[in-house]
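Grab a pencil and have a go at the exercises below. Try each task yourself before you read its solution.

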Amino acid sequence: MTSENAPAPGSEITLRVNGKPHTLYVDHRRVLLDLLREDLGLTGAKKGCDHGQCGACTVLAGGRRLNSCLLLAVTLDGAEVTTVEGLGGDGEETHPLQRAFLDRDAFQCGYCTPGQLCSAVGMLAEAAAGHPSHVTDPAAPSGRPVALDRPEIRERMSGNLCRCGAYPGIVAAVEDVIE
Amino acid sequence: MNGFGYLRPTTLQEAAEAYAAHPGARYLAGGTNLVDLMKLGVERPAFLVDVGALPLDGIEELPNGSLRAGATVRNSDLAADPRVRDRYPALSQALLAGASGQLRNAATTGGNLLQRTRCPYFQALDKPCNKRDPGSGCGALEGVHRDHAVLGWSERCVATHPSDMAVALAALDAEVELYGTDGTRSMPVADFHRLPGEHPERDTEIRPGEIVTGVLLPAATAGMPSAYRKARDRASYAFALASVAVVLRLADGAIEHVGLAFGGLAHKPWRARRAEEALRGAAPTPAALERAVDLELAAARPLEENAYKVPLARNLALDVLGRLAPAPAVA
């Protein structure tokens with residue numbers, strides 16, 4: 001049992017974030033979202049609900065889109081993480097999806113946007129890998145890329161809430177990068 | 001949140017030993033429910049045994065034609081597996097009807113079975129809840145309970161089990177496999193979750209320290225027509241108000257095999273044994289289907305706010321049964 005004054009248990013981990021290795025000592029209670037924002041100064045991923053309900057904290061970890069608010073950092077030793085800051089690669093370039101969000105005015109306040117972008121990048125890879133969704137025809141052949149129409153995009157992006165209601169622009173931006 | 005120790009073992013034996021050596025330990029898998037409950041203060045583990053590095057992340061075919069899904073297989077991967085989609089469509093559909101893309105990428109087979117109720121009284125430390133704090137009372141029974149149970153509840157607890165996946169597994173006659181220091185065992189998923197009775201703090205039949213190692217999808221129901229349908233407050237990303245999984249095979253115009261389970265109605269996935277018994281051997285006429293479903297739902301005891309669940313569940317069941325067993329043509 002930890003006494004009031006004893007330091008909380010922690011461990012040293014190494015993870016790569018946007019291609020750069022970081023070795024940190026983390027309190028076991030630290031979630032990835034707080035590690036990114038507080039320890040690494042990467043404030044792109046946003047803290048919305050902090051309970052996995054809004055998607056504002058979505059990042060890519062181990063090639064999957066995940067809610068970083070529910071991931072204990074200590075479980076990620078050796079992991080590869082990509083945040084919105086890393087979507088465009090090393091330089092200042094924007095990812096085609098970021099360009100499409102600008103073109104389609106796919107945000108108002110912008111708070112959910114980093115999560116929407118990371119989620120959409122992960123979602124496009126899932127569909128390309130043949131992952132079905134709730135609205136995919138169950139009779140569609142397994143293992144083939146799934147064509148993304150509007151109902152598919154809306155269903156697959158349902159884990160990212162936008163309180164400004166920019167959904168029509170978000171769906172249009174995602175459609176732009178598919179075409 | 002209190003601090004806690006952490007270990008990421010690579011063998012089941014190490015994991016079970018670490019759990020036994022640390023009072024107040026919990027197993028951690030995807031964390032989508034446990035970490036959330038830790039933030040809420042509902043769970044306060046002194047030690048976490050991370051099962052993420054255990055060799056439980058595969059989906060394998062067994063010589064007898066059954067399919068074993070490891071406990072740490074992600075919900076998204078299980079739903080997308082061609083063998084699951086082709087042979088057990090209700091399971092794939094149930095998984096895809098749950099949570100969001102991000103959560104399904106983290107959530108695991110074992111964690112999904114062991115997730116706790118989303119009853120708001122369970123999640124709020126300032127409210128009474130016999131499941132969280134035995135003896136404190138049930139806030140939902142005479143409180144806000146629109147989402148709560150209509151079947152099998154007790155005065156102690158009216159919570160529902162939130163899983164979609166487990167409802168399909170129950171209908172498919174899947175088994176859950178467990179590892180403990182006393183050895184391994186398995187039991188039907190339909191018997192794994194408990195009714196609340198006098199002890200709502202116990203969700204399942206799992207013993208302290210046991211680890212879910214996987215679920216076994218039987219050869220017997222492989223390839224049978226099956227489907228899952230869920231009703232919820234919005235089109236996506238919401239828990240079930242009511243749901244149904246049906247596995248059904250016809251032979252010579254009669255129902256040869258049927259597995260029917262409801263979600264969102266009870267403290268466990270509700271296997272509708274009475275309805276199944278009435279349907280087995282019967283011709284799937286609309287009257288026969290209605291009689292069977294009504295027989296099952298006659299046991300419902302709705303609360304003040306959730307009587308809507310009974311006709312909702314009835315209609316869902318009749319829809320899916322009717323789709324899988326088209327009514328015989330009138331001569």
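This is a predicted model: local features need pLDDT of at least 70, side-chain atom pairs count only at pLDDT 80 or more; totals for chains, interfaces and linings use all residues.

**Exercise 1. Find out whether A:Ser68 is buried or exposed, and list what A:Ser68 touches.**

Step 1: Locate the residue. A:Ser68 sits in the loop between β4 (64–67) and β5 (80–82) of chain A.

Step 2: Check the relative accessible area. For A:Ser68 the value is 0%. Buried means under 20%, so A:Ser68 counts as buried.

Step 3: Look for its neighbours, leaving out residues up to four places away in sequence.

**Exercise 2. Work out how the buried residues of helix α2 (residues 96–104) of chain A are arranged around the axis.**

Step 1: Pick out the buried residues: A:Leu97, A:Gln98, A:Ala100 and A:Phe101.

Step 2: Look at their arc around the axis. These residues cover only 160°, which puts them on the same side of α2(A).

Step 3: Recall a handy rule. An α-helix has 3.6 residues a turn, so residues three or four places apart point the same way.

Step 4: Turn to the face away from the buried side. There you'll find the exposed residues A:Pro96 and A:Asp103.

Step 5: See what the buried residues of α2(A) pack against. Their partners are α3 (113–128) and α5 (167–178) of chain A.

Step 6: Step just past the helix. A:Asp105 takes a positive phi of about 55° there.

**Exercise 3. Describe residues 1–222 of chain B.**

Step 1: Check the record. An unreviewed UniProt entry places "domain: FAD-binding PCMH-type" at this span.

Step 2: Read off the make-up of residues 1–222 of chain B: 29% helix and 17% strand.

Step 3: Compare the ends. The end C-alpha atoms of this span lie 45 Å apart.

Definitions and conventions. Residues are numbered from 1 along each chain as its sequence is written. Chains are lettered from A and ligands numbered from 1 in the order in which they are written. Side-chain values use heavy atoms; hydrogens and water are left out. UniProt positions are given in the numbering used here, feature names are shortened, and annotations may be inferred rather than shown by experiment. Helices (H or I, at least four residues) and strands (E, at least two) are DSSP runs, numbered from the N terminus. Buried means under 20% relative accessible area, exposed over 50%, partly exposed in between (1.4 Å probe, protein chains only). Contact means heavy atoms within 4.5 Å. The arc is that of the directions from the helix axis to the C-beta atoms.
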